[in-house]
Amino acid sequence: MEENKINTPAQPVIDSKIPEGPVAEKWTNYKAHQKLVNPANKRRLDIIVVGTGLAGASAAATLGEMGFNVLNFCIQDSPRRAHSIAAQGGINAAKNYQNDGDSVYRLFYDTVKGGDYRAREANVYRLAEVSNNIIDQCVAQGVPFAREYGGLLANRSFGGAQVSRTFYAKGQTGQQLLLGAYSSLNRQIQMGKVKSYNRYEMHDIVMIDGRARGIIAKNLVTGKLERFAAHAVVIATGGYGNTYFLSTNAMACNCSAAMAAYRQGAYFANPAYVQIHPTCIPRHGDKQSKLTLMSESLRNDGRIWVPKDIEDAKKLQAGEIKGSDIPEENRDYYLERRYPAFGNLVPRDVASRAAKERCDKGYGVNNTGQAVFLDFSEAINRLGIDVVRQRYGNLFDMYEEITDVNPGELANEINGEKYYNPMMIYPAIHYTMGGIWVDYELQTSVKGLFAIGECNFSDHGANRLGASALMQGLADGYFVLPYTIQNYLSDQITVPHFTTDTPEFDEAEKRVQANLDHLMSIKGNRSVDSIHKELGNIMWDYVGMGRTKQSLETALEKIKELRKEFETNLFVPGDQDGMNIELDKAFRLRDFITMGELIAYDALNREESCGGHFREEHQTEEGEAKRDDENFFYVSCWKYNGDDEKAPTLIKEPLHYEAIKVQTRNYKN
Amino acid sequence: MDNAINIKLRIWRQAGPKEKGGFVTYELQDIPTDTSFLETLDILNEQLVEKGEEPIAFDHDCREGICGMCSLYINGHPHGPATGATTCQLYMRRFHDGETITVEPWRSAAFPVIKDLMVDRNAFDKIQQAGGYVSFATGGAQDANAIPISKVAADEAMDSASCIGCGACVAACKNGSAMLFVSAKVSQFALLPQGKVEAKRRVKAMLAKMDELGFGNCTNTGACAAECPKNIKLSNIARLNREFIGAKCSD
């Protein structure tokens, strides 16, 4: 295991550029003193934004509105298809429209606590602060949020909070927010301020004199590499969940842009913090291509349970009985039992681990033993099927289409008590809290390179609360980056528009081309997907919900072997002329392999359990995560060492909390 | 996994926009009925790659029915035989053992084929760019609750806004019209106070762009709404017509 040894040299000081003053005043202070670019100079400056999800689209639109020239890239056929569109549940904001005691401070506090005290205080406070602007912004765009009969906005509650602060548009909130951002983006495209490149994939970042000055992107239709120059580069390319092959991410979601940034010297922060969402449809056969999420909002009215009696569980696994055959008194509502104060609304990491704990003990409820029930009987008996269907009808239908079971259907009556078909759910990889390290200005450790949205690491600590991803994506894109990037660009106004005819661009294109040529030339026997599936299995089995020193060392060894297999036995059909989807996938897989290793290195280093990272050696007697604030109260920043096969170097950014007292997370009382 | 079927897939293959295309038939054995249709194509592609052949190009991404990326004309229906669902939400239990399934790309003058089953739907973006927005810049919004909006209007706007921009309506229409797509966006804004201010300009601009891009006209056959995976209602087209006539009358 010698080669897996992590380097921890003398620590360079990490400057996160957190402004002075009390946490509640930092953002105001920053805005009051930051440098701005005047309107006439903005049009002299070009900005590349890679990605068109909530963060990318909102940033590109807003930067265009301000007067910058924006070049915006997406891998899909239209900016509207980025995976933010699939977010179902909602978006948080501290509006306190429900008069239930919410405030900016409370949203800030809940987010820091939900993140298990591993997020940066100043960033999270700013996020809570701008959350209200986001709702105003989206309503003004014509986003059709749910409303009450009085005409005002409706809210619902979500995991990890004791207030109702989540705004929603049916079960399609992500779609509506993204289409809102897309509409603003379209307006800028129409006005000529944003140039949109669809079916393009960024393959590398071009550095000139130590600054990010452009990208090499592949036109996925023609197969040609193209060059683009700008004064600054923003990546908004989402998370790395597909490292696990099966996840709730879309098929094209990948971490190649983030890996390109990492290889250019941007630190990768907290890769071990991967969110496993508790309410996904369980896996079926080995042909499966992705996992489907059922919105967390279902936990508002759904109750999660497994049988109390192991014999019942065995019968369920054998298919001899159904969930609705088991009466109330024989059900173990284990979240309500273990966490009376939050019950079914505990944060995602807690709910996921609790499901795993029951299933590991043999109480799983389907043929694989890897599923628990989410039951609406109590809600339907209390509210009536119409109300429940109004809230979750589209989710019930979606569930039925996939599984052939309708959760709203009356299935049994025992002693006068009506029982409806429960859903079956199981945790799945969903979101990645880790990401490219950024300072308070959302700038990476590479000058002129910014990272926003899920792609960066900054706001969710070790675990993200539900309905906070949409909030962060839009906060970064609408309200934070458009300000902070000006602080960087203010001294760039004398730098003229770039040509791509420079040795740096030549060099970068040559590098990418050599990489693609190499992938084509291996001509082995294995398809991209078969290797990716193998990587996914390694990740899920050894770097999944419960990790140990031994499992992580095994993972590192296995990934090393898999890289060798990839480098020597990959087969990519066709050629580089025109579209080649297998080549595109191979390009991404090379980065998933490096990403997988990075997750394992970080998980191995972090000898504590916190949020989405659970080290089995570090738990309380009750099986709860045990943090080690004395030794691990820091952000792990990983620095690339010039070669994918070399272990990265760990640099620590210590966390400083001024406003919040760090304590053990408690959702019991 | 109890049930598995054998099927034949008759698939449109076309090397590029200008190349001549044609159907190729592939046989697949033992496909579990709880496999999705796109996963079945994945299985076929995996087999093609193993044989050293080029896989079939088709658009897909989220695989949960919301991104609008997947298309496919399956057995004569956009998004296949299921109603109110996209191709990615189609499962093999809809087909029977021994069935031959015909798979084509969207066929419309405005959606040229890129490769195999993949088409270029950029025209939809262009229609949206022509006016599918509220002209308003970040930061200038008033409080979100300042304008009450009736729940009925908000819900109806939400139904219209559910359009995923997949293009099934165009593929289903004998005229290749994009009226349902355009009307969904126009309706969403027509129903909300935020959209009313520039409603007249919007409807004229979006329709003009639709005509310019080679989409056909509407003859009210309703195939679009019948095949729409998101059940966008035909009444949106009626609203679009009303908005358009109103806008023209006030010119």
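What distance separates the centres of domain 1 of chain A and domain 2 of chain A, taken over C-alpha atoms? The centres are 31 Å apart. This is a predicted model, in which local features need pLDDT of at least 70, side-chain atom pairs count only at pLDDT 80 or more, and totals for chains, interfaces and linings use all residues. Residues are numbered from 1 along each chain as its sequence is written, while chains are lettered from A and ligands numbered from 1 in the order in which they are written.

**Domains of chain A**
- Domain 1 covers 278-428 and domain 2 covers 526-654, with bounds from an automatic or database domain assignment.
- Six residues from domain 1 of chain A and six residues from domain 2 of chain A make up the contact (C-beta atoms, placed from the backbone, within 7 Å).
- Helix H10 (residues 348-360) of chain A gives five residues, the most on the domain 1 side; helices are DSSP runs of H or I with at least four residues, numbered from the N terminus.

**Chain B against chain A**
- 68 residues of chain B are in contact with 64 residues of chain A.
- H1(B) supplies the largest share of the chain B side, seven residues.

**Helix H3 of chain B**
- Buried residues of H3(B) include Ala154(B), Met158(B) and Ala161(B) (buried: 20 or more other C-beta atoms within 10 Å of the residue's own, with C-beta atoms placed from the backbone).
- Their cover includes helix H6 (173-190) of chain A, together with H5 and helix H9 (235-249) of chain B.

Conventions. Two residues are in contact if their C-beta atoms, placed from the backbone, lie within 7 Å. Helices (H or I, at least four residues) and strands (E, at least two) are DSSP runs, numbered from the N terminus. A residue is buried if 20 or more other C-beta atoms lie within 10 Å of its own, exposed if 12 or fewer, and partly exposed in between; C-beta atoms are placed from the backbone.
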